[in-house]
Amino acid sequence: MLTLEGISKSFPGVRALAGVNLEVGLGEIHGLLGENGAGKSTLIKIIAGALAPDEGDMIFAGAPARWSSPREAKLAGVHVVYQEFALFPQLSVAENVFLGSERRNRFGLIDHARTRREAGALLARLGVSLDVSATVASLSVADQQMVEIARAMTRNVRLLILDEPTAVIAGREVALLFERLRRLREDGVSVLFISHRLDEVFALCDRVTVLKDGRHVGTHETGDVTRSRLISMMVGRDLGDLFPPRREVARMREPVLRTERVAIGDRVQDISIELYAGEIVALAGMVGAGRTELALGLFGAMPLAKGAIHIDGARFTSMSPAKAIRLGMGLVTEDRKSQGLALLLDVAANITGPALAEVTRRGLVDRELEAAIAAREIERYRIGCRGPATAVATMSGGNQQKVIVARWARICRTVLILDEPTRGIDVGAKAEIYRIMRELAAAGVAILMITSELTEVIGMADRVIVMREGRITGEMPGSAATEEAIMHLATSERAA
């Protein structure tokens, strides 16, 4: 379906792609892997017509192709579903499906009945049952994703490109997505699947191509290559065990944080948990289980509806982020770009942000002191940047994440909450985040890790707490955790 030969692309001071080859067969699901900065996004944009290559040839459906615009690529059958959906929340499902290719009657007016009917038929082909009159804003993220894919099908999609499609879904939703992609493959649609989650690549893809530093490293049948080999191809070195070894945690007599039948909003009900110094606790569960709401409530970003939080022996029936920071807590949010980073500021300002008093002199920020603090953290956490004055918006996802972790690690002394700490970052950056977590735990910080990756839960947790529909359904030691046991509790009907 698609062949790329010798594709190169340069930007001022950066060679993003250098002679890349890629072949995606008819009716094939092909994985595309690489660290952040490997050139995947640039390659996608070239295939989709958003960028023109400096060199190289593209053959699509047996004919030479060079798109002058994304619209031209879509008309040829190329459609991209990005991590950030291009949907209009206040329009209906049907209206979003046919946006740009509206169904009209003989008077040139939009035929709403036909629009709804055909949208329902397209979704049915994907095995999705949705109210096509409902607004997109009312849908789950997984259903919004299906609306994006249905939109692609309105243009007779021949190549579907999915950029980190499972970054915002988990569990059963991932299984349903894969089932629908296999159905498209059976219909002759080719799929280019970009993901940092190797388990998913092995479960779904027929072949996999690896890029590193803008170059093609290799293409393999997924059945002929190992996980460790793919990691080595991506990072250029053997990482050994991705997860640092567990250490024996001597549980303190009193927990550093304890919740007393906490309720938060309409999602979290009757939660009582304990966190101990030096322990990494994984909070597992399906999307919508209430894990993020619990994290926000503990940090004071969402109000407590009832119950109390005990920190170092003190009882609180209300919390705020300012109070949480004074108590030595930190929160790495799920969405680093909209909630975690000040994208218009540099690395130094982002690292010192929660502790401005430390770098303020006579009401003004001491930029020299701020830069000195940031320089130490850059070295300590191996943050890839030009220095403290680097704009965080220009950095890779993995290095942005390390900036956020560095920010909280330097001031956090009691509890650090990490909500999806490795979402959307490459395997090398993941290894660094895991190392940092172990070091912080060894220094006595209690870590609460929310993650949808079960391999991450099993590899990192000293203890696992599982939630379903806002309640705790079970708990187990990390050493005894298995994917089957976690999924059983995540889908259990009764709270423990």
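Predicted model: local features only at pLDDT ≥ 70, side-chain atom pairs only at ≥ 80, totals over all residues.

Which residues line the second largest cavity? I found that the lining consists of Glu164, Ala167, His196, Arg197, Thr422, Arg423, Gly424, Lys430 and Glu453. I then sorted these residues by class: five are charged, three are polar and one is nonpolar. The space in this second largest cavity comes to about 40 Å³.

Entry on the cavities. I searched for cavities of 30 Å³ or more, and the structure holds two. For the largest cavity I recorded a volume of about 70 Å³. Its lining is made up of Ile46, Gly49, Leu51, Ala52, Pro53, Gly56, Asp57, Met58, Ala65, Arg66 and Trp67. By class, I listed seven nonpolar, two polar and two charged residues in the lining of the largest cavity.

Entry on the nonpolar cores. I turned next to the largest nonpolar core, which has 127 residues. Within it, Leu160 and Val464 touch the most other members. Helix α15, spanning residues 427-442, gives the most to this core, namely nine residues. I also noted a second, separate core of 28 residues, with Leu17, Ala38, Phe60 and Val80 among them.

Entry on Leu160. I looked up the contacts of Leu160, leaving aside neighbours within four places in sequence. Leu160 is in contact with His79, Val81, Ile149, Ala152, Leu181, Leu184, Val189, Ser190, Val191 and Leu192.

How values were computed. Residues numbered from 1 in each chain as written. Heavy atoms only, no water. Core = buried A, V, L, I, M, F, W, Y, C linked by side-chain atoms within 4.5 Å. Buried < 20%, exposed > 50% of the residue type's maximum accessible area, 1.4 Å probe, protein only. Helix = DSSP H or I, 4+ residues; strand = E, 2+ residues; numbered from the N terminus. Contact = heavy atoms within 4.5 Å. 1 Å grid on protein atoms, 1.4 Å probe; cavity = no way out; pocket = protein on both sides within 12 Å on 5 of 7 lines; lining within 4 Å. Points joined across faces, edges and corners; volume = space filled by probe spheres on them. Nonpolar A, V, L, I, M, F, W, Y, C, P; charged D, E, K, R; others polar.
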